[in-house]
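Here's a quick briefing to read alongside the model. Have a look at the structure first, then work through the topics below.

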Amino acid sequence: MSEEISKLPPQVQERLLRLQQLQQTLQSVLAQKQQVELELTEIEQALSELEKLADNAVIYRAIGSLLVKAEKANVTADLNERKELLNMRATVLGKQEGRLRGQLKDLQAKLQQDLSPVSPSSR
Amino acid sequence: MAGKVEEEFRKLSVELRILEDTAEALQSRINMVNAVVTDLTYANMTLEGLGKHKMDSELLVPIGGSSYIKATLQDPDKVIVGMGAGVSVEKTLQEAKEIVKKRLDNLDKTRMSLQQRFTQVAQRISEDRAKLEELVAELRKGKPSKNV
């Protein structure tokens, strides 16, 4: 396969390499976005559970493997702050994903042109 | 004709690879769900057992590595339940049992739906493999053997 690639013009080889790099970056961005979305879902669930509790409910916060008693108001504020941060991160990752998809589409179109045999009618 | 068969062979190979990846991902999710179900079943058993014990009962709390420390049951009706995102809430024993049961029910539904999807994908894989074999036979018939 790599032997076949080395027979291609250098410009096409370069584009193929760039395509691979873009695909890898996109995969990494998607994985990060999924992780952020998972954490956001978890925070939203925890916040909705906290909302149902009385203000004096006994709540614990995990610090490493320890559980430390905490106030509902403080925990809610912390979670909302984290949620806001993650929402911003998700937006940034979403934009990055869109940009990468656009670049990939352009590059794929160029490569398709590079690699498709020239039809006699187009000459 | 051979070109058409080759094209179909290529398409089917790609589809098969995607299906195999999907089956692998589904299997890994089923395994994850199973692990959580085991964990919750264990919690459920502990909660059921805890209800039979009175205040000040002597307990052995696992600390890993098949080792335990001695503890005394301070309040058998208070259980701390994790809500996710590092937050745990004190619940009564009955509430904790209900939460665990609800989680187990939800996971059972998820497991069944994943299992169903896995069965469908596995069925499709086996159909595609059969088709692929037919195409290979057709291609071999069409081309003289090269002793590869």
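This is a predicted model, so local features need pLDDT of at least 70 and side-chain atom pairs count only at pLDDT 80 or more, while totals for chains, interfaces and linings use all residues. Residues are numbered from 1 along each chain as its sequence is written, chains are lettered from A and ligands numbered from 1 in the order in which they are written, and side-chain values use heavy atoms, with hydrogens and water left out. Helices (H or I, at least four residues) and strands (E, at least two) are DSSP runs, numbered from the N terminus.

**Helix H1 of chain B**

- Helix H1(B) covers residues 2-50, and its end C-alpha atoms sit 71 Å apart, in agreement with the 72 Å that 49 residues should span at 1.5 Å a residue. The expected span here is 1.5 Å times one less than the number of residues.
- Buried residues of H1(B) include Val5(B), Leu12(B), Leu16(B), Leu19(B), Ala23(B), Leu26(B) and Ile30(B). For accessibility, buried means under 20% relative accessible area, exposed over 50%, and partly exposed in between (1.4 Å probe, protein chains only).
- An α-helix has 3.6 residues a turn, so residues three or four places apart point the same way.
- Strand S3 (78-84) and helix H2 (93-142) of chain B are among what covers those buried residues of H1(B).

**Helix H3 of chain A**

**Salt bridges**

- How many salt bridges does the structure hold over all chains? There are 15, where a salt bridge is a side-chain nitrogen of Lys or Arg within 4 Å of a carboxyl oxygen of Asp or Glu.
- Glu15(B) and Arg124(B) pair up through their side chains at 2.9 Å, N to O. Glu15(B) is in helix H1 of chain B and Arg124(B) in helix H2 of chain B, so this bridge ties together parts 109 residues apart in sequence.
- Arg61(A) bridges to Asp78(A), with the closest N and O atoms 3.5 Å apart. That pair links distant parts of the chain, 17 residues apart: Arg61(A) is in strand S1 (residues 59-63) of chain A and Asp78(A) in helix H3 (residues 72-115) of chain A.
- Arg61(A) is partly exposed at 22% relative accessibility, and Asp78(A) is partly exposed at 40%.
- Glu49(A) and Lys52(A) form a salt bridge at 3.3 Å, N to O. Glu49(A) is partly exposed at 26%, whereas Lys52(A) is exposed at 61%.

**Where the chains meet**

- The contact (heavy atoms within 4.5 Å) takes 10 residues from chain B and 14 residues from chain A.
- Chain B and chain A bury about 980 Å² between them, 63% of it on carbon and sulfur atoms. Buried area is the accessible area (1.4 Å probe) that two parts lose on being put together, summed over both.
- Met83(B), Ala85(B) and Val87(B) supply 44% of the area that chain B buries against chain A, more than any other three residues.
- The count of salt bridges between chain B and chain A is 0.

- Is Asp128(B) buried or exposed? Asp128(B) is buried, with a relative accessible area of 0%.
- Asp128(B) is found in helix H2 of chain B and touches Leu12(B), Glu15(B), Leu16(B) and Leu19(B), not counting residues up to four places away in sequence.
- Val61(B) is in strand S1 (residues 58-64) of chain B and is partly exposed, at 34% relative accessible area.
- Leaving aside neighbours within four places in sequence, Val61(B) is in contact with Ser67(B), Tyr68(B), Ile69(B) and Ala71(B).
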